[in-house]
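Have the viewer open as you read.

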Amino acid sequence: MNFERVALIGLGLIGSSLGHVIHQKKLAKSVVGYARSKATRARALEIGFIDEVTADASACAKEADLIVLCTPVGIIGDIVKEIAPSLKPGSVVTDVGSVKSAIVEQSLPHMPDGVFLVPGHPIAGTEQSGPDSGFAELFENRWCILTPVPDAQSEEYQTAVSRLTAFWEACGSRVDVMDPKHHDLVLAITSHVPHLIAYNIVGTAADLERVAQAEVIKYSASGFRDFTRIAASDPTMWRDVFLNNKDAVLEMLGRFVEDLSALQRAIRWDDGEALFDLFTRTRQIRRSIVEAGQDTAEPDFGRHSTPPKEKS
Ligand code: NAP
């Protein structure tokens, strides 16, 4: 047991999943939770993935050895500022936010001496949110990226990184350490831009005039259906991701638009070879992801095997 008392600040998909896995694998003596709404606090206690709950983030963090911030990215810096005076010397503060440089910039100035900020990002999630959506296996065989803060080379800081690494490994994850800026660039192309594309294509379909919305839903082929799953992700979380990872997202989006123009040209000029070559390369990337155990090859990717009954 690396940390005796764990504080979970935010009890949605990621916070509740952490609560479940900590209990299931007995990774701490007690888990205390904070959520802003009464409904979430009550539900978290009822489900039982935390032992205590409070409406005060500072009280939640006060006696904890590990504090995990599991709220949307845009509010993490403010919460760190709020809880900082209550933090116990020697404690480790981490987060699960999908963006890292902005969180380091917004949180590091508030950290008291003797408390260690080690930001993190579990590359694990679903399009669901809230305290009912969590489950203990969420982090199983998924990567968790830790982004130690710049210039924190002391032995004590390295011990904090090692303790947090051991914690995530005990949760079932594989851990990588990365520079925060590099993390943001990698995630911009692997996660943030794909979400933006999904939001955009579903928005475009919803705005079409010559194809009725009812037809888009009724005849949704698998491609569109997969996009709608991604585009159903939490609006607050994703708004905050784009506002806090502007540079990397805009850089990757620039590349994306150039490549899209090249595809447009290939279609216009009947360049079947260019299309075939690209589609062959991308198929190989899909195979590599399956081979690396990061997805399954089943054709039923995230879908019901029997289609829901049509309403009469
Ligand atoms: P979620 O299910 O929507 O839960 C968010 C939690 O934060 C809720 O407990 C919510 O409280 C609380 N919260 C929201 N706004 C708040 C505010 N202004 N002040 C205080 N508390 C607030 O979100 P999630 O999916 O767990 O995501 C949490 C973090 O994990 C985000 O930073 C996200 O970037 C990161 N992440 C998400 C995924 C994913 O796939 N979802 C994957 C990896 C990392 P109430 O319930 O009381 O409203």
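## About the model

This is a predicted model, where local features need pLDDT of at least 70, side-chain atom pairs count only at pLDDT 80 or more, and totals for chains, interfaces and linings use all residues. Residues are numbered from 1 along each chain as its sequence is written, and side-chain values use heavy atoms, with hydrogens and water left out.

## Around the ligand

The ligand is surrounded by 25 residues, counting any with a heavy atom within 4 Å of it. Leu11, Ser37, Thr40, Thr71 and Ser98 are the closest. Sorted by class, the shell has twelve nonpolar, twelve polar (Gly goes here) and one charged residues.

Now for polar contacts (N or O pairs within 3.5 Å). Ligand oxygen atoms sit 2.7 Å from a polar backbone atom of Thr71, 2.8 Å from one of Leu13 and 3.4 Å from one of Thr126. On its own the ligand has 900 Å² of accessible area, and the protein covers 86% of that (Shrake-Rupley, 1.4 Å probe).

## Ala248

Look for Ala248 in helix H11 (residues 246–268). Is Ala248 buried or exposed? Ala248 counts as buried because its relative accessibility is 7%, and buried means under 20%.

Leaving aside residues up to four places away in sequence, Ala248 touches Asp184, Leu185 and Ala188 (heavy atoms within 4.5 Å). Asp184 is 64 residues from Ala248 in sequence, yet their C-alpha atoms are 6.3 Å apart.

Methods
A polar contact is a pair of N or O atoms within 3.5 Å; within protein, one must be able to donate a hydrogen and the other to accept it, and residues adjacent in sequence count only if both atoms are side-chain atoms. Helices (H or I, at least four residues) and strands (E, at least two) are DSSP runs, numbered from the N terminus. Buried means under 20% relative accessible area, exposed over 50%, partly exposed in between (1.4 Å probe, protein chains only).
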